Amino acid sequence: MHALDGFVVAVSRVRVHHMELGETVVRKVRRRGLGPVIALGNAYFREAGAAFHMFPVLGDWQAWEARMYRALHDVDITPIARGLEVPRFPGDDLGSLLRRGQLLRAPLRAAADALRGLHDRGLSHGDANLGNFVFDGTLARPIDFDARHHDELPLAVRAADDLLALALDLFGRGASVEAATTVIDAYRPSSEVRAALGRAAAPSGLSARTLLRARAHALAEEPLARALTALLELPEPANPVHSTA
Ligand SMILES: Nc1ncnc2c1ncn2[C@@H]1O[C@H](COP(=O)(O)OP(=O)(O)O)[C@@H](O)[C@H]1O
Ligand SMILES: [Mg+2]
């Protein structure tokens, strides 16, 4: 592992929140003193040309997470000291399913549908990793909005970044390329999103490439390149969905 990869991976694994999973609610509280760490992370993300940023200011995160829960799940969430209380959705997140060998096609397709639904409304996730979809057997509900895409980016770029985030997390956690192709096939990206995905998957510059690898859990360069190539050489879907995303 390159020294810079190690640094980026270490920073990206800093636990920003303390979670309490109750039977019906989840309490998420930000650890103290993390504002400057998040600001430093954002400076790195900017340098690396990332499409997303995090929220150094506690109130900004609370407001954004509340806005997304309202928009996507039609629930008003309760702010608590240094955090939020959200309803606990039934089921398991996709990362847990993968760990148990249960990440089959249905949850992957459901995550693709969830992203499609978000993007068709002009929204995007900003941190679409496996842990941020809770699958109940039918729906994969997006959660965890402590990162956000840069507002001014075109929807196709934000959409492609969400798809890439899922694919990189899958590759980094040792899932098959087929798992990622299942997501892309189910999502049916427009040619615009496909093009943005191709650009995002092959960044130039050391920091951008380092960030890409960090998002794939520092997977070695060669298997990552192989997986991304296999993913992006997919044939065009026979009947692509025509939308802005
Ligand atoms: N609303 C929710 N319903 C069900 N499970 C949740 C919910 N929120 C969080 N979780 C569980 O807690 C885990 C961590 O929560 P998350 O909001 O993603 O925080 P983090 O910032 O630590 O990634 C998720 O991967 C999921 O398993
Ligand atoms: Mg999460």
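Two strands count as paired if DSSP finds at least two bridges between them. Strands (E, at least two residues) and helices (H or I, at least four residues) are DSSP runs, numbered from the N terminus. This is a predicted model, in which local features need pLDDT of at least 70 and side-chain atom pairs count only at pLDDT 80 or more, while totals for chains, interfaces and linings use all residues. Residues are numbered from 1 along each chain as its sequence is written, and chains are lettered from A and ligands numbered from 1 in the order in which they are written.

Begin with the sheet of 3 strands, which is open, antiparallel and ordered E6-E7-E8. Strand E6 (92-93) and strand E8 (140-142) are its edges; each has a single partner strand, so one side of each is left without a neighbour in the sheet. E6 pairs with strand E7 (residues 133-135) in the antiparallel sense over 2 bridges, and Asp92 stands opposite Phe135 in E7. Helix H5 (residues 105-120) packs on this sheet and touches E7 and E8, its direction making about 45° with that of E8. Contact here requires C-beta atoms, placed from the backbone, within 7 Å. Axes are lines fitted to C-alpha atoms, for helices over the stretch in contact, and angles run from 0 to 180 degrees between N-to-C directions.

The other sheet to follow is open too, with 4 strands in the order E1-E2-E5-E4 and antiparallel pairing. E1 and strand E4 (78-80) stand at its edges with a single partner strand each, so one side of each lacks a neighbour in the sheet. Inside the order, E2 and E5 pair over 5 bridges in the antiparallel sense, and Val25 has Pro87 of E5 as its bridge partner. Helix H3 (residues 58-73) lies across E2, E4 and E5 and runs at about 15° to E5.

Two further helices, H6 (residues 155-172) and H7 (residues 177-187), pack at about 160° with their axes 9 Å apart. That angle makes H6 roughly antiparallel to H7, a term for angles over 145 degrees.

Finally, turn to ligand 1. The shell around ligand 1 has 17 residues, and the closest are Val26, Phe89, Asp93, Gly131 and Asp144; a residue belongs if its C-beta atom, placed from the backbone, lies within 6 Å. Strands E1 (17-21), E2 (25-30) and E5 (83-87) each supply at least two residues of this shell, and E1 gives the largest share, 3 residues.

Conventions. Contact = placed C-beta atoms within 7 Å. Parallel < 35°, antiparallel > 145°, perpendicular 65-115°, else oblique.
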